[in-house]
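I opened the notebook to look up how two chains meet. I start with the model itself.

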Amino acid sequence: RYSPPTVPPPHMSKTSATASGHALWAKMPKANAELFALTYGSLVTELVRDYDDADEINRQLDRIGHSIGVRCVDEFLSKAEISGVSIPTCQRMTDTAEVVARIGFRMFLGVTAEAANFSPDGSGFSLFLYENPLAIFVELPPSGGDG
Amino acid sequence: CGSKGCSPTTHNAVKNLFLSMSRPPASILDRPVGRGGARGSSATEGYVSLSAFAYLYSELVQYHQSRVASISELERRLESAGYGVGLKVLELLAYRARESKRETRLMNILQFVSSSVWKALFGKAADSLERSIDHADEFMIVDYEPVTSTYVSVPADLGQLSADAYVSGIIAGVLEGAGFTARVTAHSVRVEEGEYAKAPSTPGLPARKDKAVFLVKFSREVLARDAALER
């Protein structure tokens with residue numbers, strides 16, 4: 001029996017991802033970025049009060065971030081569908097990385113992010129954030145370790 | 001450089017150029033504090049999505065909730081979480097307004113809170129400022145759609161909890177910083193028929209049944225001082 005050759009779906013193009021990101025950002029109701037940063041500061045202050053160890057604080061923040069991220073993904077998938085913004089299916093990690101960087105970060109935080117530094121086996125990458133709304137009032141002490 | 005079409009190589013080149021031209025700021029205190037985004041270079045600079053704020057605030061409430069044994073303790077914790085924010089917001093707004101005189105009268109500081117502070121944090125002035133008929137030291141700031149409880153539904157076993165306790169902490173911080181010590185509490189009050197006719201500002205949500213009323217109770221010294229200034 002003849003079966004037509006399958007054509008793989010198109011790669012996620014960077015410009016279309018950026019455009020989708022801007023389109024979704026425009027539709028999101030907004031909140032003041034300084035209120036956001038100060039609220040985060042309040043949370044971090046409480047963590048620093050409750051825990052002494054920087055690693056433990058980081059673990060707590062990671063857990064909190066993970067929880068937020070899961071909710072973000074659900075919202076992203078539902079909003080993209082409702083507003084008709086096209087998101088081609090992610091075939092590989094590089095596609096997911098581009099979507100997270102160009103659409104996800106733009107949609108929720110209004111910032112530019114870039115996925116780069118992909119590991120050779122395609123299983124890891126780095127996200128570069130050029131502006132961080134969480135840190136607009138923050139300066140880490142020089143000897144405080146990284147946090 | 002703007003966020004539109006800025007590639008990392010261009011960005012780094014520009015950044016290096018600036019660093020070589022001038023000494024980098026010594027500390028965060030030397031960096032400009034910005035204009036607060038309301039009149040930023042793009043229409044949406046100085047904003048994040050409401051969802052991001054709602055998720056973050058939800059995590060803050062959950063974090064405190066896991067460490068308390070009662071509803072009032074949770075409200076106290078949320079209030080103290082907001083207190084520090086209030087102190088900082090007062091500093092920020094006073095600096096940006098470049099006012100050389102600070103408010104010394106009760107009504108003026110309340111006006112400042114219900115219009116300037118509200119506009120800066122929530123994008124619009126508070127819906128009303130009222131004074132209590134029964135108590136001379138009590139005032140109420142009303143907000144029909146506070147962002148801290150837009151996506152919150154309080155389960156029955158938490159009864160009278162107001163998720164807006166964080167905002168009452170902010171108000172208390174602003175007032176304390178301005179020299180008007182007050183006890184501020186948040187209350188969820190049922191909206192009466194026909195009281196509030198506007199459609200909800202976040203699309204897709206049903207109209208709220210409760211409004212947030214922030215009860216501000218000034219300390220006796222503050223009232224005495226204000227009365228003395230009246231003469």
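My entries on the chain interface and on helix packing follow.

I am working on a predicted model, where local features need pLDDT of at least 70, side-chain atom pairs count only at pLDDT 80 or more, and totals for chains, interfaces and linings use all residues. Residues are numbered from 1 along each chain, chains are lettered from A in the order written, and side-chain values use heavy atoms without hydrogens and water.

**Interface.** I looked up contacts (heavy atoms within 4.5 Å): 41 residues of chain A touch 42 residues of chain B. The buried area is about 3700 Å², with 63% from carbon and sulfur atoms. I looked for salt bridges (a side-chain nitrogen of Lys or Arg within 4 Å of a carboxyl oxygen of Asp or Glu). The rule finds three across the interface of chain A and chain B. I noted a salt bridge between Asp50(A) and Arg67(B), 3.5 Å from N to O.

**Helices within chain B.** Helix 3 (residues 71-97) and helix 4 (residues 106-122) of chain B have axes within 11 Å, crossing at roughly 90°. That makes helix 3 of chain B roughly perpendicular to helix 4 of chain B. I found Leu90(B) and Phe112(B) among the meeting residues.

Methods. Buried area = accessible area lost by both parts, 1.4 Å probe. Axes fitted to C-alpha atoms, helices over the stretch in contact; angles between N-to-C directions. Helix = DSSP H or I, 4+ residues; strand = E, 2+ residues; numbered from the N terminus. Parallel < 35°, antiparallel > 145°, perpendicular 65-115°, else oblique.
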